[in-house]
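I opened the model to look up a few things and note them down. The entries are in the order in which I took them.

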Amino acid sequence: MESDNSHPSEPVENIITKDSLHAIRKHIEATIRPSWQAHLPHNFGSPEHGKLKADQWRTAIEFDIPVSLAQLLHKEKDTISKVQYTRLSKLVELTFNLAMAIAWGLSRITSAHHAERYMFYMHRYLNGIRELFPDYQLKPNHHYALHIPDILRLFGPLHGTWAFALERLIGRLQKMNTNFKIGKYYQNLMHIARELTHAIPKGKWNRLF
Amino acid sequence: MFNAITQNLFHGASYSAVGSFLSVSNGSLGTSPSSSSPQDLRTIFKKFDLDPKVTRYACCTLPTCSAIYPPTFDALHKTFSYPLRCQQAKFGKVCGSHLVEKSLVMNGQSIPRPIKQYPYRHFHDHVGSMLSRPGIEQAIQSHVYSTTYIQEITDIMSSPALRNLIGVDGRPFLQTHGTDLNLVWSLCVDWYNPRQNKAAGKSVSTGVISMICLSLPQHLRTREENIHVSGVIPGPSEPSLDAVNHFLEPLIDELKESYEDGIYYSRTYDYPSGRSSRSAIVPVICDTMASKKVTGHCGHRGKYFCSRCRLPRNQLQENFDANAWPPGLTREDHVALADAWRNMETLSAQISAVKRHGIRWSVLLKLPYWQPSQWTITEGMHVLLLGVIPRHCRDLLGLNMKELPSRDIDEDDEGPHDASMKRGRKALQTQSFQKLKKLKMRVLKALCLEMGVVLPAPKGRRTKLEYVNGLLVSQYPCFLLTFLFSSLST
């Protein structure tokens, strides 16, 4: 919470505590997911799990965090003060706005309507940040996110233009054996290209010729 | 020989396995290898002409220069030779750094070979090999014609950007006539660490230039054999800013030729008498940093931080209305600024020009149809999934265990994981000192509570060893003796 140092006397900022994160973790552990969905680490929020994958962040915002926060809001209703409760409910609403924007943005089918809905929720989200965290410095990524409707209109669904395929290729290249002489004799493109073009899934051997 | 190839390609035999197979089948195990039959799989690939066509450029070792030089064939020595020094002139000064070193000895003569190499796989070669596989042409044909523009877009092929792309004859690029085949590609460039992001490893970065054929249906598009890996930009550091253009140049030159004249493939799978094909790049898909470099925009800290519009950086905080943003530059304006930048005579003039209008020259501008602002993608995965969402969770919600305030006084009140507790109990049962030592602090704490072990008052912070010793001694008093002995001996 880097932003909220402006009102040190009010305890409203400390709504989300370690308990809340523990609750989220318990929810993550208790959730039974379809096998295609990326699973979140059970120690979500600690540095030990390393960087999360893009797909895991997607799971987090599409399901886990909004659902857990909503439960938290319900549970804490009687234990916290009214000021704190309004702030918490605003935070939950903020999260829901982002989740809705993501849901519209990552749809497999897009149209002008999808772009319009995405923009609507993204605006609500950014205005919400302005209101709740007046000191927070927005990042260029927040601006780029507002260009997503352009992309939806011009290029269609995001899965056509996102970099998952590239990242997978990089994962493949990283695993490839090299001679560890970076840049010097790193000349295995021949090898890479050969491996990639001749990569034949089992049982589909006629793809090559 | 054919057997060896089949083994490698279809049954997944490794190079070394095929090598030993070859030497057995040649009957040369233990005797001197006969010269006629190849001993290595790579030779066989060469003989059957299965190798991809790759040119090895010599690359200047300075990241700021990074000029590349194609090899020239030396008929006398039957080798490829490169210029000795970099001849790239910038601001009236020749770079002049060494390109080659003498390390290879052939026929009693040392042959210079490049210090840094840039391997480039020819684009036409990839398209040719793709079109000679069965099913590819049909898949493209049916995919392109099945997706017409309607209100809802399900795939990038039916999107307005691709449908409105104009070919060199003034007609829509994707409406072909006769046997012509027009392909649309996306260009992807990214840098990665070939040493797998290990924490202790030195950070090096190698780039990869790849192209994805959007004309293919989605399930074939991202298959490894269909992705064109055009080149691997050698490390250990990224080429600086505009130097990346050198590496893209061979690819862009081939693409320009392909778009303007079309390339005739003498034989494809569906057309034994051959057909011609044209290719075009539309979107450039990279993360923010790489995209700025490749498309020639200034970085995201500059005044014009966004490639798609001309919103100045100082309005980032409050201007959310997309209609109020000044629109991105048109191709003509962009080219004018880029050319002006390119013709500047000093480095400082270039730097101040970029500060003023945020445009560098990019080799992509060589493509006559390419739209610098429109076709630079703000990439969905990096912007949303790896940008906005983690920011929301970390900065706004503050979901970070260490920095979160705690409402209760006692920290770490949550019990440890069930699985690790089970492991702990088992380790205690088996009296394994080593296994107990490997457990986490809070598991040991919980175990002590469970077993009712009371430890002596700590001197400072309790160490793991104290817990382990306490546990073992309380459960198995015979351990007291071993600990006493070990403390005496030390």
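I am working from a predicted model.

I looked up where Asn469(B) sits and found it in helix 16 of chain B, which covers residues 464–475. I then checked its surroundings: Asn469(B) has 19 C-beta neighbours inside 10 Å, so it counts as partly exposed. The cut-off for buried is 20 or more. I also took a distance to Val208(B), which is 261 residues away along the chain; the two C-alpha atoms are 54 Å apart.

Two packed helices are described by the angle and the distance between their axes. I looked up both for helix 13 (residues 418–429) and helix 15 (residues 441–451) of chain B: the axes come within 10 Å and cross at roughly 65 degrees. The crossing of these two helices is right-handed. On the helix 13 side I listed Ser420(B), Met421(B), Gly424(B) and Leu428(B) as contact residues, and on the helix 15 side Val443(B), Ala446(B) and Leu447(B). Sorted by class, this contact has five nonpolar and two polar residues, with no charged ones.

How many residues does each chain put into the contact? I noted 85 from chain B and 79 from chain A. On the chain B side, helix 12 (residues 380–396) gives the most, with 16 residues. The class count for the side of chain B that touches chain A is 46 nonpolar, 22 polar and 17 charged residues.

Methods
Residues are numbered from 1 along each chain as its sequence is written. Chains are lettered from A and ligands numbered from 1 in the order in which they are written. This is a predicted model: local features need pLDDT of at least 70, side-chain atom pairs count only at pLDDT 80 or more; totals for chains, interfaces and linings use all residues. Helices (H or I, at least four residues) and strands (E, at least two) are DSSP runs, numbered from the N terminus. A residue is buried if 20 or more other C-beta atoms lie within 10 Å of its own, exposed if 12 or fewer, and partly exposed in between; C-beta atoms are placed from the backbone. Axes are lines fitted to C-alpha atoms, for helices over the stretch in contact, and angles run from 0 to 180 degrees between N-to-C directions. A crossing is left-handed if the near helix is turned anticlockwise from the far one by less than a right angle, and right-handed if clockwise. Two residues are in contact if their C-beta atoms, placed from the backbone, lie within 7 Å. Ala, Val, Leu, Ile, Met, Phe, Trp, Tyr, Cys and Pro count as nonpolar, Asp, Glu, Lys and Arg as charged, and the others, Gly among them, as polar.
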